[in-house]
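Look at the model below and follow its helices and strands in turn.

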Amino acid sequence: MRWRFGLWSTEELLWQFLFSILRVFSGLASFDRWSLEYSWDERIDLTIIAIRILLDGVWKESPGVSKRGTFLISSRLFFRGGGVYLCYMDESGTSALPGNTSHFVLAGLCIPISKWRTYERQIETIKSKFDLLQCEIHTGWILRPYVEQNKIASFANMSRTDRRVQVETHRKGELLRLQKTNRALYKQTCKNYRHTEPYVHLTFQERMNLMETVAGAIGSWSDARLFAECIDKVHFNPTKAKMSADEQAFEQIVSRFERFLRNLKGTKTYGLLIRDNNETVSRRYTELMKVFHASGTVFTGITHIIETPLFVSSALTSMVQMADVCAYALRRYLENKEKALLQHVFKGADRNRGVVVGVRHFTVPSCDCSMCMSHRKT
Ligand SMILES: [Zn+2]
C-alpha cells in the first residue's frame, strides 16, 4: 500500500523536503521553476549538483574549470531546467596553410553533465596504473618514438624508476653535447624533452597500451557523442569558403552539437562548449559564437547551446585531453591509415539512423576512407 499526504505521494513529499533543504543551503534560492516539473532522473542530477555546490567540492576536484565556469554550468541547470551536455573541444594538426600536417581536425566530445564525475574517475584510474597521476594525456607527445630508450640496454626489463633515471642521464649528456655543437637543434630538443618528460618511464608498447586503454574507455561511454570536422587542407580554399579552416571547423561542430541537442527527446536539454585556452583562437571563437547566437550558423539557428565557449587549461582538465585523443585518432587515420585508436573513439560518432552525421572528412567527393563511407551509408 502506498501512503499519500494530500495530493503528494510519499516519494514526492520526501523529494520536496530534500529539495527545499538543498535549495536554501546551497545558496540557489532564486531557482525559478517549481520542482514538481522535473522527472526523477533530472531530480537525481539536480540533487547531486546541489550537494556538490553545498560541499564546495566541485571546485576543489576540478581546478581546470574556473570558478565562474563551474557556477555557469550549474546555475544554467538550475535556472533554466532540463539536462545539460558538456562538449569538450580540442584540435589536432595545424590550421595554417600549408603547415606541417595535411589535415586539420577539430573534435568535440560531448557528455551528459551527470556523467562528468564518473568518466573523470575512470581516466584517473587508468592514469594511476601507468604512474601518470596529475599528468596530462597529450597523445601527440606520448606516442612519439623516444630515441634514447632504444639506446639503453635492456630498457624494457628495468623498473619504471630505473628507466626514468637512465633516460634523464642520457638526456643530460645529449643536451650538453648539442649546446656546444648545434644551438638550433638544442632548443628543439629542450622542447621535446620538456613535453615527453612525464612519460619516459614507459616503453613505447606501454604508451601504446595506455592510449588504447584510454580510447577504449571513451568508446565505452554509450551516452557520449563525438563531433568532428576533419579538413584536408589540400582541398580547402579559404577564399572560396570565405573563412579560415578553424572557423569552418568551429561552425560545423556548433551546428552538429545544436542538432544533436534539438533531437533529444523529453525536457529541453542545453549544451555548453568547453575548450583549451588557446589565446590565438579564444577571442575569435567568442566573437563567432556571439554571431551564431544572434543570427545562427549557415546551417541552423542556435537555441540549445548556451553562452560563449568556456576556456580552460587542457593540462588540468581531463575531458579536454579526451577530446585531444579523439582529434589525434581521426587525424592519424586520415594521414597514416592508423586505426588502433580510431576503432574505439569512432564508436561515439553521432549517428542518425545508422549514418554518421557528427564527423565529416572535408575532402574530394570521391574519397573512399571509412569515415566518408560511414557518412554516405544509406
Ligand atoms: Zn574521406
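The crossing of α8 and α9 is left-handed, a term used if the near helix is turned anticlockwise from the far one by less than a right angle. This is a predicted model, in which local features need pLDDT of at least 70 and side-chain atom pairs pLDDT 80 or more, while totals for chains, interfaces and linings use all residues. Residues are numbered from 1 along each chain. Helices (H or I, at least four residues) and strands (E, at least two) are DSSP runs, numbered from the N terminus.

Two packed helices are described by the angle between their axes and the distance between the axes. Helix α8 covers residues 160-181 and helix α9 residues 183-196; they pack at about 160°, with axes 9 Å apart. Axes are lines fitted to C-alpha atoms, for helices over the stretch in contact, and angles run from 0 to 180 degrees between N-to-C directions. The two helices α8 and α9 are therefore roughly antiparallel, the word for angles over 145 degrees. Residues in contact have C-beta atoms, placed from the backbone, within 7 Å. In α8 these are Arg171, Glu174, Leu175, Leu178 and Gln179, and in α9 Leu185, Tyr186, Thr189, Cys190 and Tyr193.

The sheet comes next. It is open and mixed, with six strands in the order β7-β6-β3-β4-β5-β10; strands pair if DSSP finds at least two bridges between them. At the edges, β7 (310-312) and β10 (359-362) each pair on one side only. The twist averages 20° from one strand to the next. Strand β6 (residues 270-276) and β7 are parallel, joined over three bridges.

Note on methods:
Parallel < 35°, antiparallel > 145°, perpendicular 65-115°, else oblique. Contact = placed C-beta atoms within 7 Å.
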